[in-house]
Amino acid sequence: MSLIPNFFGSRRSNILDPFSLEIWDPFKDFPFSSEPQFAKETSALVNTRVDWKETPEAHVFKADLPGLNKEEVKVEVEDDRVLQISGERKVEKEEKKDTWHRVERSSGKFSRRFRLPENAKMDQIRASMENGVLTVTVPKVEVKKPDVKSIEISG
């Protein structure tokens, strides 16, 4: 369907014709297509929001994961310094007697990865989940203040 009305009778579809009846999608053959099926599969990945803040004591990650429980979420450390938060939101079971009017909640697998800085204590990472919010706390190595020794000047 053309965005511009056709005043000149019926026209055949043509990519080069600005009055064509079809809207050309330049991304239709790319892996990140605008097809609804692909969008449905990746929507959970795209919609997983994560905040990362640094406090004097730790790096704190907070992820909104509404409707998931802690058994459906994995927190892992890969390659010594990569924090990965992943999981899967299952599709709600469809029953023949149900009539769906709208489906907006996302489902599918999600995964977010973060390279942690050198000051992270990798062996003391903690994770907790409350009210659909995952909190991952990565303590920081304490910065040791240099010992200062006064030297007496002779002479």
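Reply: Start with P66, which is exposed, at a relative accessible area of 53%. The cut-off for exposed is over 50%, so P66 qualifies. Keep in mind that this is a predicted model.

P66 sits in the loop that links β2 (58-64) and β3 (73-78). Beyond its neighbours within four places in sequence, P66 has contacts with R89 and G132. Take G132. It is 66 residues away from P66 along the chain, yet the two C-alpha atoms are 4.4 Å apart.

Now compare T135. This residue belongs to strand β7, which covers residues 133-139. T135 is buried, with a relative accessible area of 18%. Buried means under 20%, so T135 falls in that class. Its contacts, again leaving aside neighbours within four places in sequence, are V60, F61, K62, R126, A127 and S128. Three of these names, V60, F61 and K62, carry numbers inside the range of β2 (58-64).

Next, the whole chain. The protein chain has 1 helix and 7 strands. Read from the N terminus, the order is α-β-β-β-β-β-β-β. Of its 155 residues, 26% are buried. Count the contacts between residues at least 6 apart in sequence: 50% of them join residues at least 24 apart. The P66 and G132 pair, 66 residues apart along the chain, is one case of such a separation.

Last, the surface. The accessible area of the protein chain is about 13,100 Å². Carbon and sulfur atoms account for 53% of that area.

Methods
Residues are numbered from 1 along each chain as its sequence is written. This is a predicted model: local features need pLDDT of at least 70, side-chain atom pairs count only at pLDDT 80 or more; totals for chains, interfaces and linings use all residues. Side-chain values use heavy atoms; hydrogens and water are left out. Helices (H or I, at least four residues) and strands (E, at least two) are DSSP runs, numbered from the N terminus. Buried means under 20% relative accessible area, exposed over 50%, partly exposed in between (1.4 Å probe, protein chains only). Contact means heavy atoms within 4.5 Å. Accessible areas come from the Shrake-Rupley method with a 1.4 Å probe; for residues, only the protein chains shown count as cover.
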